[in-house]
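Dear colleague,

I am handing over the structure that you will find just below, and I would ask you to look through it before you read my notes. Please keep it open beside this message as you go on.

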Amino acid sequence: MIDPANQQPDDALRPHSYDGIQEYDKRLPRWWLLTLYGAMVFAVIYWGYFHAYGFGVLPVQALEAEMAKNAALAAQKAGEINDESLWKMSTDPVANAAGKVTFEATCVACHKPDLTGLIGPNLVDNQWIHGGKPMDSFKTVNEGVLAKGMPAWGAMLGKQKMSEVVAYIFSFHKQGEEVVIVPVWTPPAIVAPPQ
Ligand code: HEC
């Protein structure tokens with residue numbers, strides 16, 4: 001019911017009538033108009049900020065960036081060098097072939113082409129000076145044992161080649177085999193001949 005006291009003078013009756021129902025020509029409330037025009041202004045700013053000029057990062061783009069970051073992290077993790085990855089590499093013929101090339105170019109002078117040792121220790125027996133895990137050897141190859149005549153190869157070979165060459169050494173070993181830690185390597189040439 002319309003309260004006649006509330007009726008504004010500009011609330012003229014609209015001329016049409018539907019099934020006897022008539023409407024007042026009421027102005028839309030100010031708060032309602034404000035939300036409407038506000039939404040329009042917001043839309044233009046939003047469109048300009050995110051779409052036309054690309055200042056903002058859309059949720060889709062943010063997601064894509066996050067996914068790319070995760071993929072990079074996963075790749076980095078997959079490329080992480082550890083005992084497991086080196087053991088795995090030691091059964092990979094391609095990596096071993098590459099490791100053999102590096103070994104023959106840089107290591108044979110001291111470790112002999114069959115890896116049985118000369119100036120440097122035998123790398124195919126189960127005796128180790130610095131530990132019998134692939135990462136132990138990786139560390140020795142990377143940092144060297146300068147005082148004992150084993151050069152540091154890290155800077156020269158880089159991670160990939162060092163991984164391959166260590167994998168090549170460990171292709172002569174079995175995971176879980178017995179490891180004997182020895183204090184020094186006695187080159188065969190200076191083993192005293194039998195009396
Ligand atoms: C100039 C001689 C020389 C060259 C070249 C050389 N090594 Fe060595 N290497 C040594 C000596 C000497 C030791 C023993 C160090 C010690 O007594 O602590 C050694 C130790 C090692 C060990 C540790 C063995 C153990 O028992 O713990 C590994 C692994 C190794 N070398 C790998 C390599 C690889 C791979 C290359 C080539 C990239 C290489 N070496 C090149 C002299 C050499």
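What follows is an account of what was found in it, going from the whole chain to single residues.

Please bear in mind that this is a predicted model, in which local features need pLDDT of at least 70 and side-chain atom pairs count only at pLDDT 80 or more, whereas totals for chains, interfaces and linings use all residues. Residues are numbered from 1 along each chain as its sequence is written, and side-chain values use heavy atoms, with hydrogens and water left out.

The chain as a whole

The chain has seven helices and two strands, where helices (H or I, at least four residues) and strands (E, at least two) are DSSP runs numbered from the N terminus. Read from the N terminus, their order is α-α-α-α-α-β-α-α-β. The chain is more spread out than a compact globule, because its radius of gyration is 39 Å, well over the 16 Å that the globule rule gives for 195 residues; the radius is taken over C-alpha atoms, and the rule is 2.2 Å times the number of residues to the power 0.38. Along the principal axes, the C-alpha atoms fill a box of roughly 135 × 30 × 30 Å.

Of the 195 residues, 25% count as buried, a word that here means under 20% relative accessible area, while exposed means over 50% and partly exposed lies in between (1.4 Å probe, protein chains only). The chain exposes about 14,100 Å², of which carbon and sulfur atoms supply 63%; these areas come from the Shrake-Rupley method with a 1.4 Å probe, and for residues only the protein chains shown count as cover. Among the contacts (heavy atoms within 4.5 Å) with a separation of 6 or more, 55% are between residues 24 or more positions apart.

Salt bridges

How many salt bridges does a search of the whole structure find? The search finds four, a salt bridge being a side-chain nitrogen of Lys or Arg within 4 Å of a carboxyl oxygen of Asp or Glu.

One of them joins R14 and D25, whose closest N and O atoms are 3.7 Å apart. Both residues lie in the segment before α1 (30-52), eleven residues apart. R14 is partly exposed at 34% relative accessible area, and D25 is partly exposed as well, at 40%.

Another links K100 to E104, with the closest N and O atoms 3.5 Å apart. Both lie in helix α4 (residues 93-106), four residues apart, which is about one turn of the helix. K100 is partly exposed at 37%, and E104 is partly exposed at 39%.

In helix α6 (residues 134-143), E143 and K139 are likewise four residues apart, about one turn of the helix, and their side chains meet in a salt bridge of 3.4 Å, N to O. Salt bridges that share partners also join R14, E23 and D25 into one network.

Which residues have a positive phi although they are not glycines? One is D19, with a phi of about 45°; D19 lies in the segment before α1 and counts as exposed, at 81% relative accessibility. Another is K112, with a phi of about 70°, which is found in the loop between α5 (108-111) and β1 (127-128) and counts as partly exposed at 30% relative accessibility.
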